[in-house]
Amino acid sequence: MEIIKTENLTKIYKQGEFKVYALDNASIEIEEGEFIAIVGSSGSGKSTLLNMIGGLDYPTSGEVFVRGKKLSSLKNDDLTIFRRRNIGFVFQSYNLIPVLNIYENIVLPLKLDGMEIEEHYIKSIVEKLKIEDKIESMPNMLSGGQQQRVAIARALSSKPAIVLADEPTGNLDSKSSMEVIILLKALAYEFNQTIAVVTHNEEVAQMADRIIRIEDGKVSSN
Ligand SMILES: Nc1ncnc2c1ncn2[C@@H]1O[C@H](COP(=O)(O)OP(=O)(O)OP(=O)(O)O)[C@@H](O)[C@H]1O
Ligand SMILES: [Mg+2]
């Protein structure tokens, strides 16, 4: 059964007197446990799609269903809680909290939800992402690629059913990119997670179970 479904999703942004169709009747389905790559040129609507799926922004029209729940039926607080319990995000800009150290950033989603921290699991992720010697550092002491890996660790910390990652390897070299994708795939398999990764990297896309292509806000193949 599909865990994520969008129906005729349309998002129109006004830019001055122009309308931009960031998404234009985009309908997709993602099965539970699938590892999906979303590809398309810059400005094609990939981040917009991910934000809608994650309930971070509202569509102009159309619907998003996550685990059978229609997101538009959830009120603000309920949506926030639903998101926190089900979805881990890796943003295009990493959004680390500058006043928290790396460890605190990684476990923040768990703290916010009052969940127990499984130190052993956190340690294993941090080691696999090769940031174990950074956990007491502050975000501004890390390189872009290191911050990116922290953002991935944070998204995974609560073992969410769904991981939405916007260019999670955009700042990594090709070897590190493949290592991160292999880790995501392994975790997805181990915890039956569903993962959607936006990427420009064809090598990364080829690792996916399926590629969703989007052009000018339209799903061109999936
Ligand atoms: N907040 C906004 N206000 C106005 N226009 C927006 C806004 N966000 C996105 N857009 C427009 O919507 C379109 C899709 O943007 P989006 O960020 O989804 O592209 P993308 O595929 O993620 O691109 P990239 O690969 O460069 O990250 C673009 O034309 C962009 O200019
Ligand atoms: Mg984007």
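Start by selecting ligand 1 and what lies around it: 14 residues surround the ligand, the closest being Gln15, Ser42, Gly43, Lys46 and Thr48 (a residue is near if one of its heavy atoms lies within 4 Å). Before you click on, know that this is a predicted model, where local features need pLDDT of at least 70, side-chain atom pairs count only at pLDDT 80 or more, and totals for chains, interfaces and linings use all residues. Residues are numbered from 1 along each chain as its sequence is written, chains are lettered from A and ligands numbered from 1 in the order in which they are written, and side-chain values use heavy atoms, leaving out hydrogens and water.

Now zoom in on the ligand's oxygen atoms. One sits 2.7 Å from a side-chain N or O atom of Lys46. Show Ser47 next: one of its polar side-chain atoms is 2.8 Å from an oxygen of ligand 1. How much of the ligand does the protein cover? It covers 66% of the 640 Å² of accessible area that ligand 1 has on its own (Shrake-Rupley method, 1.4 Å probe).

Switch to cartoon view. β1 (2-15), β2 (18-31) and α1 (46-53) each give two or more residues to the shell around ligand 1, and α1 gives the most, with 3. Helices here are DSSP runs of H or I with at least four residues, and strands are E runs of at least two, numbered from the N terminus.

Next stop: aromatic rings. There are 2 aromatic pairs in the structure (ring centres within 6.5 Å; planes under 30 degrees apart are stacked, over 60 edge-to-face, the rest tilted). Select Phe89 and Phe91: their ring centres are 5.3 Å apart and their planes at 10°, so this pair is stacked. Phe89 counts as buried at 12% relative accessibility, while Phe91 is partly exposed at 24% (buried is under 20%, exposed over 50%, partly exposed in between, with a 1.4 Å probe and protein chains only).

Then pick Tyr121 and Phe191, an edge-to-face pair with 5.5 Å between centres and 90° between planes. This pair links distant parts of the chain, 70 residues apart: Tyr121 is in helix α4 (residues 119-128) and Phe191 in helix α6 (residues 174-191).

Conventions. Polar contact = N/O pair within 3.5 Å; in protein donor to acceptor, adjacent residues only side chain to side chain. Phe/Tyr/Trp six-rings, centres within 6.5 Å; stacked < 30°, edge-to-face > 60°.
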